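Hello,

Please find the structure below, followed by notes on what was found in it.

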Amino acid sequence: MPRVRYITDDGSVQEIEGNEGESLMHVAVRNGVPGIEGECGGELSCATCHVYVDSGWVSKLRPPSQDEEELLESVEDVRDDSRLGCQIRLTAAIDGIVATVVS
């Protein structure tokens, strides 16, 4: 099972196993990671799952879709490594991915 390391506002790290194909947002919500709301349920219509992906992992992900990029333009604190957790699906290739929660 692929793992995700979430870094929260207070600097704590939660390492959580998820299911292959599950989104970073769903893993976080299911496990109560503070700062990840997932209000739209992964429908790409909010941004309450905004994370910064650790630079070593960015190149291993599919690029964001145009819809994701447009939604990210509407949030504060957007950076080059910003992604929506609902758009990142767990695979063996990204086992151990590090995502910093944006609050």
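**Salt bridges and charges**

The structure holds 6 salt bridges, a salt bridge being a side-chain nitrogen of Lys or Arg within 4 Å of a carboxyl oxygen of Asp or Glu. This is a predicted model, in which local features need pLDDT of at least 70 and side-chain atom pairs count only at pLDDT 80 or more, while totals for chains, interfaces and linings use all residues. Residues are numbered from 1 along each chain as its sequence is written, and side-chain values use heavy atoms, with hydrogens and water left out.

One of the salt bridges joins D95 and R3, at 3.2 Å from N to O. D95 lies in the loop between strand 4 and strand 5 (97-101) and R3 in strand 1 (residues 3-7), so the pair ties together parts that are 92 residues apart in sequence. Helices (H or I, at least four residues) and strands (E, at least two) are DSSP runs, numbered from the N terminus.

Another salt bridge links R5 with E15, where the closest N and O atoms are 3.7 Å apart. Because R5 lies in strand 1 and E15 in strand 2 (residues 13-17), this pair ties together parts that are 10 residues apart in sequence. R5 is partly exposed at 34% relative accessibility, and E15 is partly exposed at 45%. Buried means under 20% relative accessible area, exposed over 50%, and partly exposed in between (1.4 Å probe, protein chains only).

R30 and E22 also form a salt bridge, with the closest N and O atoms 2.8 Å apart. Here R30 is partly exposed, at 46%, whereas E22 is buried, at 14%. Salt bridges that share partners join R3, R5, E15 and D95 into one network.

**Helix 3**

Is E68 buried or exposed? E68, which lies in helix 3, is buried, with a relative accessible area of 1%. A polar atom of the E68 side chain lies 2.8 Å from the backbone nitrogen of L84. E69 is also placed in helix 3 (residues 66-72), but E69 is partly exposed, at 40%.

**Backbone**

L44 is not a glycine, yet it has a positive phi of about 60°. L44 sits in the loop between helix 1 (24-30) and strand 3 (50-53) and is partly exposed, at 23%. D77 also has a positive phi, near 65°, in a residue other than glycine. D77 is found in the loop between helix 3 and strand 4 (82-84).

Regards

Methods: A polar contact is a pair of N or O atoms within 3.5 Å; within protein, one must be able to donate a hydrogen and the other to accept it, and residues adjacent in sequence count only if both atoms are side-chain atoms.
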